[in-house]
Amino acid sequence: MADVITYREAVAEGIAREMRRDPSVVCLGEDIGEAGGVFKTTAGLFKEFGRERVWDTPISEQAIVGAAMGAAMTGMRPVAEIMFSDFLACCWDYLANEIPKVRYMTGGQVTVPLVVRTANGGGLGFGAQHSQATENWALTVPGLKIAAPSTPADVIGMMAAAIRSDDPVVFFEHKGLLASKGVPPPPDHVVELGHAAVVREGADVTLVALASMVPVALKAAERLAEEDIGVEVVDLRSLVPLDMATVLASLGRTSRLVTVEENPYQGGWGATLVSVVADEGFALLDAPVRRVAAECVPLPFADVLEEQVIPTVDKVVAAVRSLAAY
Amino acid sequence: MDTAELLALYEQMALIRRTEKAAHDLFLQGLVKGTTHLAAGHEAIAVGASAALLPDDYVFATYRGHHHAMARGATPEECLAELMSRATGLCKAKGGSMHLTKAATNMLGSYAIVGAHLPMAVGAAWSARLRGTGQLAVAFFGDGATNIGSFHEALNLAAVWKLPVLFVCENNLYMEYTRIADVTAVPRPAADRAPAYGIPGEVVDGNDVVAVQEAVARLARRARAGDGPAVLEAETYRHFGHSRADPATYRPAEEVERWLKHDPLDIAHGRLIEAGVPEETVTAADERAQTVVRQAIEAAKSAPPPDPREAFTDVWADGGAAWRT
């Protein structure tokens, strides 16, 4: 294997590793076969595993996720692709009403081990209907696990955990990270869901970020280091399970908290995280908490407009600076 | 079909009819909460179709699914206990009337979002093909589901992938409170759409258990042979309204009368007598069904309520509900 791997290649590599290991893993989605996916995140799978393991579907999001559910209930481990996360709305019934409820409402009789992968977030200029960060949608639904990796190694390790999970997982691959590079992880690398990573240590402020916001947080931390503000960056990696233990432990060291999220402020995951901190970690805090999130507008097209809406390094630096001085 | 088999199907229908009557009465006594969507009148479809299936075939049903659950192995006691919120209920009292499920017999659920389960049945058939098991998947649904997007997505995908799945529509003329004919562009809401997906669409008398059994057996053979999915539209009628809240006064009296005379139990009864089965034999089957249901009511009534801690189990495969560390 090469010395570096892109996030995009890591998606296909993560799936391929599981398909080699477990014959019950099958893929379905639009353009995922010979075409290799619109983002080339399934490149090579069709060639290696053939049409009995990698299935092109019509543009039928309900059928894709509904069929994946039926297959998962009957002995397979399907990995379904919904091309853009905005399109999750087209099959929202399955994500909100069917997949997450069936185990509970059948009294534990039925298991649904499936993964719904989707390309999430802005940064590529696709306009309002192909650019949203929608991980907060899934967060409102009890019964879904939510993965959103920020590095190629995590993509592979978390894909392994997601596919091996007996529970349904929505796997958010960030479009803005697809070209980013990292060291490929060793064989059988698994990153269990629900384990956040402290990706930079610092004594003054805890910055909690997810997916595309992790590199933004790291850049902000670098800049703040020049001002002698020590920023600890926590990559949450998954929203369900939510690793509050790591967040609270970090706050024990820094006593100041900023969350950075690409989904809108209104109903964003940062609000949930902050509410738990207020409830259980209030004594750890020496300052108010700050949330840097997207504005509550549809994502605009032009870069100059998008920058107004999505968190940027500048916005994060300003938030942390104000808190450090509190 | 020989008379012994027909008598068994008659008894199964009688058992379902008695259980539905019990659900109705228990609701009026305040022992069943929420709502129920009774399937009295639809019994021949569930029983006839199940008689044509193999034990490990997959079945998916709607919120009007008591008859499917029982036809696929759920006992009246399990069902009534579920409706009465008892710990011994089919789904541990977490599902209720609209979600009867018996996974142990591959009755994989009753789904209360109209049309949602059709793609699931496609997925189960896809899985059966991938695993090479020869199993069939059947989705039972109402006429109202034929105007939902997932119906069309499911038919198309099943046809394109040539999967062993049967779509069985219980056309009882009304989707909830409105005549299906008033809101649908074709006269046969399910069967007329099938040719658009290149698959057979047949119509059958859904109140004749023998006709249903024969039609499903024929389409199942075809699907198992690799010839792909089919749609069967079974014409039937509900004896009650859409749900407990609905007295069904929108239905013309003469229509109701005509259909009540075309009762699936009466039709099977007539066939038995015609085949030379003594009236006492049929009566005995009725009485056995009555006894089973009477005992089921008593057993369900005396069963305990669920442990309150059960509210926090079964969200995840580890049995728990924890969403954070």
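This report describes the interface between chain A and chain B and the sheet of chain A in a predicted model.

**The interface**

Chain A brings 50 residues into contact with 43 residues of chain B. The size of an interface is often given as the accessible area lost when the parts come together. Here the area buried between chain A and chain B is about 3,800 Å², and carbon and sulfur atoms give 65% of that area. On the side of chain A, Trp55(A), Tyr104(A) and Met105(A) lose the most area to chain B, and together they account for 18% of what that side buries.

Charged and polar pairings also cross this interface, where the count is 2 salt bridges and where 21 residue pairs are found in polar contact, both residues being at pLDDT 80 or more. One salt bridge joins the side chains of Glu52(A) and Arg129(B), with a distance of 3.5 Å from N to O. The elements of chain A that give two or more residues to the side touching chain B include strand 2 (25-29), strand 3 (54-56), helix 9 (244-254) and helix 10 (269-280). Helix 3 of chain A provides the largest share of that side, with 8 residues. The composition of the side of chain A that touches chain B, sorted by class, is as follows.

| Class | Residues on the side of chain A |
|---|---|
| Nonpolar | 23 residues |
| Polar | 16 residues |

In chain A, 7 strands form an open sheet of mixed pairing, in the order 3-2-4-5-7-6-12. Strand 3 and strand 12 (238-240) of chain A each have a single partner strand and stand at the edges, so one side of each is left without a neighbour in the sheet. From one strand to the next, the twist averages 20°.

Strand 2 and strand 3 of chain A pair in the parallel sense over 3 bridges, and Leu28(A) has Trp55(A), in strand 3, as its bridge partner. Helix 3 of chain A packs on the sheet, where it touches strand 2, strand 4 (77-84) and strand 5 (115-120), and its direction makes about 165° with that of strand 4.

**Backbone features in two loops**

The loop between strand 12 and helix 9 of chain A holds Pro241(A), which is joined to Val240(A) by a cis peptide bond with an omega of about -5°. In the loop between strand 2 and helix 2 (45-49) of chain A lies Asp31(A), whose phi is positive, about 65°, although this residue is not a glycine.

Methods. Residues numbered from 1 in each chain as written. Chains lettered and ligands numbered in written order. Predicted model: local features only at pLDDT ≥ 70, side-chain atom pairs only at ≥ 80, totals over all residues. Heavy atoms only, no water. Contact = heavy atoms within 4.5 Å. Buried area = accessible area lost by both parts, 1.4 Å probe. Salt bridge = Lys/Arg side-chain N within 4 Å of Asp/Glu carboxyl O. Polar contact = N/O pair within 3.5 Å; in protein donor to acceptor, adjacent residues only side chain to side chain. Helix = DSSP H or I, 4+ residues; strand = E, 2+ residues; numbered from the N terminus. Nonpolar A, V, L, I, M, F, W, Y, C, P; charged D, E, K, R; others polar. Pairing = 2+ DSSP bridges. Axes fitted to C-alpha atoms, helices over the stretch in contact; angles between N-to-C directions.
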